[in-house]
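Subject: Structure for your review

Dear colleague,

Please find below the structure that I am handing over to you.

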Amino acid sequence: MTKIAPQHAETGSDTNHSQAIDTILNSLDALVYVSDLDTYDLLYLNDYGVSVWGEAKGKKCYQVLQSAQHSPCQFCTNPKLLDEKGNPAGVHVWEFQNTQNGRWYQCRDQAIHWTDGRLVRIEIATDITERKQMEQALIEAKSTAERLADTDELTQLYNRRAFFNLGRQVAQQTAQPLAFIMFDIDHFKRINDRWGHAMGDAALIHIARLTQTKLRTNDILARLGGEEFGLILPNTHHEQAWQVAESIRHGFDTQPLQLDGYSIHCTASFGISSLSLPQINHPDEAQALLETLFNNADQAMMQAKRAGRNQVSDAA
Ligand SMILES: Nc1nc2c(ncn2[C@@H]2O[C@H](COP(=O)(O)OP(=O)(O)OP(=O)(O)O)[C@@H](O)[C@H]2O)c(=O)[nH]1
């Protein structure tokens, strides 16, 4: 332990008392230190602190406890420990990753009057690294689970669930033109039958990637299931949507999947629907609009299939 210089002559019982306190502080499984609020001189460091950060004699708190710190730390909590009148303001509790050993600590800081009357900070810090790591792992697991729940495993596009959730959000941004495109690969069964299921999967990925090259940042592309895809185009007029669909269709038709020395030609049939969003007052209205757009685009797509495939059709 780094000892404090005695401030007054101790009687025998004072010595016993001080030794008892020393024993207690040095037995703690926590860092305890005291530093001058103005000069940052380290006045006390318990054995736990010495064992982790080394000797404190004649040093400032930031020199001992932090890494390569030559002046008071930016994150120093000293200003939080005093009230407007400069009196101790109570305990400040915070969590911090130590810059020297990278471990996390819960710190309880407080300004107190030292034995000689000056104001000092006392900090009691317990190692919470394991808890933090567990919290971090939980946050990562949650975000992975959320991403997987919204993602089509094969193409890594949004899945049907995410498509409609995002669609509802877009539909609530009223007073904008909104367009919907649905497309379905033509005679996809024949691709599977001729080239095998794995090649069929590769064709689906190829279609997804080609489509992505035609999109703007806010467009929402999803694989709705099987060989059917959906595309929400926020703030897009009908004619623009038609151009997008035609450009994607042309891309499929002219850029076959090249794999293992084979060239696999895929086309698709497209249906478009659009509307200018009215004032929406309830999420159910957004849902109803979305379903109408979806059904109209679906009908239009079926029409494109009936009319001979590899073409764009719209809902009048
Ligand atoms: N490889 C692969 N095939 C799939 C997948 N999901 C669905 N399919 C296949 O897609 C085919 C869809 O066939 P159909 O619904 O008859 O449609 P189509 O052959 O595309 O014909 P049209 O839609 O009428 O042009 C079926 O053979 C499904 O097995 C998938 O994830 N991977």
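In which kind of crossing, left-handed or right-handed, does helix 7 pass helix 8? The crossing of helix 7 past helix 8 is right-handed. Please bear in mind throughout that the model is predicted.

Helix 7 and helix 8

Helix 7 covers residues 197–212 and helix 8 covers residues 238–254; their axes come within 10 Å and cross at roughly 135°.

Helix 6 and helix 7

Helix 7 also packs against helix 6, which spans residues 188–195. Here the axes are 6 Å apart and the angle is about 135°. Helix 6 and helix 7 are therefore oblique to each other. Helix 6 contributes Phe188, Ile191, Asn192 and Trp195 to the contact, while helix 7 contributes His197, Met199, Gly200, Ala203 and Leu204. By class, 6 of these residues are nonpolar, 3 are polar and none is charged.

The ligand

There are 16 residues around the ligand, and those that come nearest are His187, Phe188, Asn192, Asp201 and Arg223. Phe188 and Asn192 also belong to the contact that helix 6 makes with helix 7.

- For His187, a backbone N or O atom lies 2.8 Å from an oxygen atom of the ligand.
- For Asp201, an N or O atom in the side chain is 2.7 Å from a nitrogen atom of the ligand.
- For Glu227, an N or O atom in the side chain is 3.0 Å from an oxygen atom of the ligand.

Helix 5 and helix 9

A further pair consists of helix 5 (residues 160–171) and helix 9 (residues 283–306), whose axes come within 9 Å and cross at roughly 120°. Helix 5 passes helix 9 in a right-handed crossing. Arg160, Phe164, Gly167, Arg168 and Ala171 of helix 5 make this contact with Ala286, Gln287, Leu290 and Phe294 of helix 9. The contact of helix 5 with helix 9 has 5 nonpolar, 2 polar and 2 charged residues.

With kind regards

Key
Residues numbered from 1 in each chain as written. Predicted model: local features only at pLDDT ≥ 70, side-chain atom pairs only at ≥ 80, totals over all residues. Heavy atoms only, no water. Axes fitted to C-alpha atoms, helices over the stretch in contact; angles between N-to-C directions. Helix = DSSP H or I, 4+ residues; strand = E, 2+ residues; numbered from the N terminus. Left-handed = near helix turned anticlockwise from the far one by under 90°. Near = heavy atom within 4 Å. Polar contact = N/O pair within 3.5 Å; in protein donor to acceptor, adjacent residues only side chain to side chain. Parallel < 35°, antiparallel > 145°, perpendicular 65-115°, else oblique. Contact = heavy atoms within 4.5 Å. Nonpolar A, V, L, I, M, F, W, Y, C, P; charged D, E, K, R; others polar.
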